[in-house]
Amino acid sequence: MEYSAGFTKEKWSENDIAIIIELMLQGKSKKDILEEVTRKNLFQLRSPVSIKNRFNMVYNRAAALDDEMKQHFLGASDYDRKALTLYSFLQVYRLPLEFYLEVLVYKYEQQEALYRNDFHYFFEDKANVSEKVNGWRPETIKRLINTLLMFYLEAKMIEKIDQSKYTINPIHLSKNLKTYAEKNVPLLYSFSVLEKVNEL
C-alpha cells in the first residue's frame, strides 16, 4: 500500500458506510449501488458529482469489512460502530494505520499522553523515508493531521485534554465483536487493548 494524501477528503461517514453495507449485503454490484445512492440521494449531498466522490471513498471502506463485520456493523452498538468505522479507514490508508501502530499504541504502552507535536514528528519521520511524503506541502500535512485527529477523536480513541494534549484510550468492544476480532481480525481486536499485534 502506497503512501497517499488522498485521505484529506475523507469524512467519518459512519452512516454512509451503513447505507453501502446494507446494499452490498443485498448482493448488489458496485454500479447498481452507485445508481441507487445517486437516484435516491441516500448520502443527502447537493450534486451527483459530490455523491460520486464520496461514494468511491465510502465504498472502498465498506469493502474492507468482511461479511461478518458488515452484518455486525448494521446492528452494532455505538462503540462497535466507531471501532469498525475506524478499522475501515485504517484498512484503506497506510499512513493512518502506521500512525496508530507507531504512535498511539507505543505511547499507550509507555503510559504517555499524545501531543499535537507528535503528529508533526510522525510526518517528519515519514518524509525521511519517503520521497513522496517529503514532497508534500505544509498545508497538505496540516490537512492530513486534521483528518487523523478527527478520526481518532470520533472513534473515542483519543480525548482532548487541552489545546495540544490528548489522552489515549482503548475502544470498548462488545463481547461478540471482541471474540470474533481476537480470532479473525487482529487489528480490530488491538483497538480494545492497544497492544501491537504480531500478525500485522
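Me: Which residues of helix 4 (residues 67-74) are buried?

Reply: Met69, Lys70 and Phe73 are. Buried means under 20% relative accessible area, exposed means over 50%, and partly exposed lies in between (1.4 Å probe, protein chains only). Bear in mind that this is a predicted model, where local features need pLDDT of at least 70, side-chain atom pairs count only at pLDDT 80 or more, and totals for chains, interfaces and linings use all residues. Residues are numbered from 1 along each chain as its sequence is written, and side-chain values use heavy atoms, with hydrogens and water left out.

Me: What do the buried residues of helix 4 pack against?

Reply: Several helices, including helix 1 (14-25) and helix 5 (78-92). Contact here means heavy atoms within 4.5 Å.

Me: Why is the Glu14 and Arg81 pair called a salt bridge?

Reply: The rule wants a side-chain nitrogen of Lys or Arg within 4 Å of a carboxyl oxygen of Asp or Glu. The closest N and O atoms of Glu14 and Arg81 are 3.2 Å apart, so the pair qualifies. This one links distant parts of the chain, with Glu14 in helix 1 and Arg81 in helix 5, 67 residues apart.

Me: How do you know whether Glu14 and Arg81 are buried or exposed?

Reply: Glu14 has 13% relative accessibility, so it counts as buried. Arg81 comes out at 15%, so Arg81 is buried as well.

Me: And what about Lys40 and Glu36, which meet in a salt bridge (3.2 Å, N to O): buried or exposed?

Reply: Lys40 is at 47% relative accessibility, so it counts as partly exposed. Glu36, at 13%, counts as buried.

Me: How many salt bridges does the rule give?

Reply: The count comes to 13. Some join up: Arg94, Glu98, Glu102 and Lys126 are linked in a network.

Notes. Helix = DSSP H or I, 4+ residues; strand = E, 2+ residues; numbered from the N terminus.
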